[in-house]
Amino acid sequence: MILEELAFAALAATAVLTAIAALLVRELVHTILWIAIFFVDLAAIYFLLDAPFLGVLQLGVYAGAVTILLLFGIMTTRKRIFSREAATGIGPVPFGLAVVTFIFLVAAIGEFPQGSGTITIYDPSALSANLFNVNGPWLLLLGLIMLAAVTGAIYLVREGRE
Amino acid sequence: MTSLAEIGFVALSSALLAIGLFGILTRRNFILLLIAIEIAMNAAILNFIYFAAFSSGTAGLTGQAIAVVVIGFAATEVAVGLGIVLALNRVKGTINVARATELKL
């Protein structure tokens, strides 16, 4: 399937480039724009992998909620939202770690699975049955952690706290 | 029936993890740190969905279910992170993590 291969190559290149751009541009608002493109791009990869439920979830949670939350964080912590970050140089230790990681990745390419695999299509109703029956405890744990996190976040930002 | 080369997905998630790690190590702005963590978490989520897509039966469904839960965890983490950003900005007047040194020995 040459069309899918081409689509994946284009989406993967866009994902890597937008992730790098998001971390390297100096204006934080531009960072948010790049990361929004990155999230939409990953949602497209999920659709390519025949996981439409997760693609929609990625669009709703990441491209929608997380992006707006990050933008809100910038708007509330800066007088001018288009102000630039001070340029931060790349120190020798992070650069060395990046080089070591790259060498490990290149060395591991031989261990990666070779050849092509056929993608399994899952019915969203089967996924929901699995999510609420077999993996129900995980979903309950997620709900409890979310409740605790929201309580903690409200405690952190409330006015008048010493 | 879609068929894709498996090496591409593993390489993509490895690259995204490396980029996220690079961001965590080099950035000092709290919001950029959160974004770097999100990039690394998205690499993990992509791995779950990729291995689910190339598996079959209950194992694949479980992979997708775990991906749903991890996406929820990531959203929660951003909410708490932004709470910390707002609190840090109120106390210190900046969101540079190098300035938050109260807990250092």
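Into which domains is chain A divided? Select residues 1–83 for domain 1, then residues 123–162 for domain 2. These bounds come from an automatic or database domain assignment. The centres of domain 1 and domain 2 of chain A, taken over C-alpha atoms, are 23 Å apart.

Before going on, some ground rules. This is a predicted model, in which local features need pLDDT of at least 70, side-chain atom pairs count only at pLDDT 80 or more, and totals for chains, interfaces and linings use all residues. Residues are numbered from 1 along each chain as its sequence is written, while chains are lettered from A and ligands numbered from 1 in the order in which they are written.

**Stop 1: chain A**

Show chain A as a cartoon. Helices (H or I, at least four residues) and strands (E, at least two) are DSSP runs, numbered from the N terminus. Follow the sequence and the pattern is α-α-α-α-β-α-α.

The average for chain A is 84, and 86% of the residues score at least 70. Where is confidence lowest in chain A, and where is it highest? The lowest mean, 73, belongs to E1(A), and the highest, 94, to H2(A).

Next, look at burial. A residue is buried if 20 or more other C-beta atoms lie within 10 Å of its own, exposed if 12 or fewer, and partly exposed in between; C-beta atoms are placed from the backbone. Chain A has 162 residues, of which 22% count as buried.

**Stop 2: where the chains meet**

Show both chains. Here 68 residues of chain A are in contact with 63 residues of chain B. Two residues are in contact if their C-beta atoms, placed from the backbone, lie within 7 Å. Select helix H3 (52–77) of chain A, one of the elements that supply at least two residues each to the side touching chain B. H3(A) gives the most to that side, with 12 residues. By type, the residues on this side of chain A are 48 nonpolar, 16 polar and four charged. Ala, Val, Leu, Ile, Met, Phe, Trp, Tyr, Cys and Pro count as nonpolar, Asp, Glu, Lys and Arg as charged, and the others, Gly among them, as polar.

Then select strand E1 (116–118) of chain A and strand E1 (residues 3–5) of chain B. Three bridges join these strands, which run antiparallel. Two strands pair if DSSP finds at least two bridges between them. Zoom in on A:Thr118, which stands opposite B:Ser3.

**Stop 3: chain B**

Chain B has three helices and one strand, in the order β-α-α-α from the N terminus. Its C-alpha atoms fill a box of roughly 55 × 25 × 25 Å, taken along the principal axes. Of the 105 residues of chain B, 47% count as buried.

**Stop 4: B:Phe30**

Select B:Phe30, in helix H2 (residues 30–53) of chain B. Why does B:Phe30 count as buried? Because it has 21 C-beta neighbours inside 10 Å. Leaving out residues up to four places away in sequence, B:Phe30 touches B:Val85, B:Leu88, B:Ile95 and B:Val97. Finish with a distance from B:Phe30 to B:Ala75: they are 45 residues apart in sequence and 16 Å apart in space, C-alpha to C-alpha.

Technical notes
pLDDT is the predictor's confidence in each residue, from 0 to 100.
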